[in-house]
Amino acid sequence: MRKSNKRHLYTLIVGLFLVGMGLFFYRHTMLDVPLSESETVNSWMVEANLRFTPEHKHTPIKASFIIPYMPPYFAILDEYFVSHNYGVTTNLEGYNRQTIWSLRRASGAQSLYYRAIFRETDANESTLAKPPALKLVTLSENQQSAVDTITHAVRSSSADIQTFAQATIKELNKREGSAKLLVDNHFGDESVINAAVTVLNQAKIYAMLIKGIYLNARSKAEFKALMAVYNGQKWLYINPQNGSMGLPKNFLIWQYGAQPLYEVAGGAQKVVFSLTVSPTPINALTIAKARGVQTESQMLRFSLLQLPIHVQETYKVLLTIPIGAFIILLLRNFVGLTTFGTFMPVLIALAFRETHIVWGVTLFILIVSFGLIVRFYLDQLRLLLVPRLAAILTVVILLMISISILSQNLGLEHGFSVALFPMVILTMTIERMCITWDERGASEAFKASLGSLFAAIVAFKVMSFPPLQYLIFAFPELLLVLLAFILWFGQYKGYRLTELRRFKALAQQDLT
């Protein structure tokens, strides 16, 4: 029976540890809850601005421009549409997302803003769906001849769609006869990509131009072009300058396709579209909280991070109490420290959070000393236990009031924190110290008192360690791991450190 109980206990310990650590790693790796409260995530504020002036006063205006939609490597944290009196709608147009601004009567210079905050993610897979059926475009005789020549040149040096597309880019960049005809002697990135798209489409390979910006620049940003190719299973991204494959991690895709980036209907003039980029590091915990509101993950929605702020502050304190109790366990069971109970040092440690150690120890000694004097006096009155405890409690409260009033008159603000001490615990400490004094002598009573104070100070230091406070609050499942250790250490029945020192002389005699 004893073996089965032990097996059950160790199974419980291992189960608690694995569940706690499993939830911890899942919350951190899958839900992106940071390990540090000060941890930040690389993010950028991107602002798009469309400016124009209507030709006539009070003319209807309908303006639109393309905005990013689920770009690889990035997630949109927040976005804003800023305008004056304009109606704003967003629509999906093919692979793009388009925002439309409309106003019945517009006069004077107009300025429309789109602001968004993008953060880095590890998701590098394209969210684009499978492309529609390819519609071949009829080319002129010269263009078709140039396409056939380039196709014949690259087909022998390619093995699949990827290498065929890369070879096409390299062939066009040679800037020779057929390439010049397709690119029209203007070998810019967009021209090369458009020519490559023409060649690939004629070979029944879906390809298109994409535009984006590099998020490593400050202030004004310029659009850069890449080519996207569908190989039958996924989208590939190819650099138009050298044919290298891959999407740069700091490249934010803004637009798919070669359609106009913006349009203004209503007789507008002096139309200017500009982009600015500004690095804006954001606290990772803030992102996790926002995801908890938006995501369907129950672990984030039903977590302490979603509670009101004042409730969160309360739990930040309460969740450290098991840690304090664990510290007392170590000090009592392994070190052999004598204290008045388990929870008294922990609660005194909580009071130290406001009083700090020096003033806390001073106030504790002061109240307990006066309380002991009163307790010895009550002994002479032969009171029963409950009336005696009630009397001591009343005296403790009167002492706390007196210290607060005296501190007010002496200008000692730290003295006000005496009200934070747990008065019932102080009462029981005085009672237990007096009983220990009577039964075991003054030395044992003072030994237990000093042990309690020392344990409270150690517990306070551990419980007030900010990184530990954050970890236990953001990952409350770590309490299961702590519980596993408590159950494991609860099996220890060996010598304590103080006992090894106490019996050291006896051990030496046995050796001799």
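Colleague: What should I know about the model and its numbering before I start?

Modeller: The model is predicted, so local features need pLDDT of at least 70 and side-chain atom pairs count only at pLDDT 80 or more, while totals for chains, interfaces and linings use all residues. Residues are numbered from 1 along each chain as its sequence is written, and side-chain values use heavy atoms, with hydrogens and water left out.

Colleague: How many helices and strands are there in the protein?

Modeller: Both are DSSP runs, numbered from the N terminus: helices are H or I with at least four residues, strands are E with at least two. The protein has 18 helices and 15 strands.

Colleague: How many of the residues count as buried?

Modeller: Buried means under 20% relative accessible area, exposed over 50%, and partly exposed in between, using a 1.4 Å probe and protein chains only. Here 40% of the 512 residues count as buried.

Colleague: Which residues have the most contacts inside the largest nonpolar core?

Modeller: A nonpolar core is a set of buried Ala, Val, Leu, Ile, Met, Phe, Trp, Tyr and Cys residues joined through side-chain atoms within 4.5 Å. In the largest one, of 42 residues, they are Val-46 and Tyr-237. A second, separate core has 36 residues, including Val-396 and Leu-453.

Colleague: How do I read the packing of α10 and α11?

Modeller: Two packed helices are described by the angle between their axes and the distance between the axes. Axes are lines fitted to C-alpha atoms, for helices over the stretch in contact, and angles run from 0 to 180 degrees between N-to-C directions. Helix α10 (residues 343-355) and helix α11 (residues 357-379) pack at about 125 degrees, with their axes 8 Å apart. Angles under 35 degrees count as roughly parallel, over 145 as roughly antiparallel, 65 to 115 as roughly perpendicular and the rest as oblique; α10 and α11 are therefore oblique to each other.

Colleague: Which residues meet where α10 and α11 pack?

Modeller: Contact means heavy atoms within 4.5 Å. Ile-348, Phe-352 and Thr-355 in α10 meet residues of α11, among them Trp-359 and Phe-364.

Colleague: At what angle do α9 and α10 cross?

Modeller: The axes of α9 (residues 321-335) and α10 cross at roughly 130 degrees and come within 9 Å, and the two helices are therefore oblique to each other. On the α9 side, Ile-321, Gly-324, Ala-325 and Ile-328 meet Pro-345, Val-346 and Leu-350 in α10. That contact divides into six nonpolar residues, one polar and no charged.

Colleague: Is Thr-320 buried or exposed?

Modeller: Thr-320 lies in the loop between α8 (309-318) and α9. Thr-320 counts as buried because its relative accessibility is 0%. Beyond its neighbours within four places in sequence, Thr-320 is in contact with Leu-350, Met-463 and Gln-469.

Colleague: What is the phi of Asn-85?

Modeller: Asn-85 has a positive phi of about 70 degrees although it is not a glycine. Asn-85 sits in the loop between β4 (74-82) and β5 (87-93), and is exposed because its relative accessible area is 58%. Lys-204, also not a glycine, has a positive phi near 60 degrees. Lys-204 is in the loop between α5 (189-202) and β8 (207-214) and, at 68% relative accessibility, counts as exposed.

How values were computed. Nonpolar A, V, L, I, M, F, W, Y, C, P; charged D, E, K, R; others polar.
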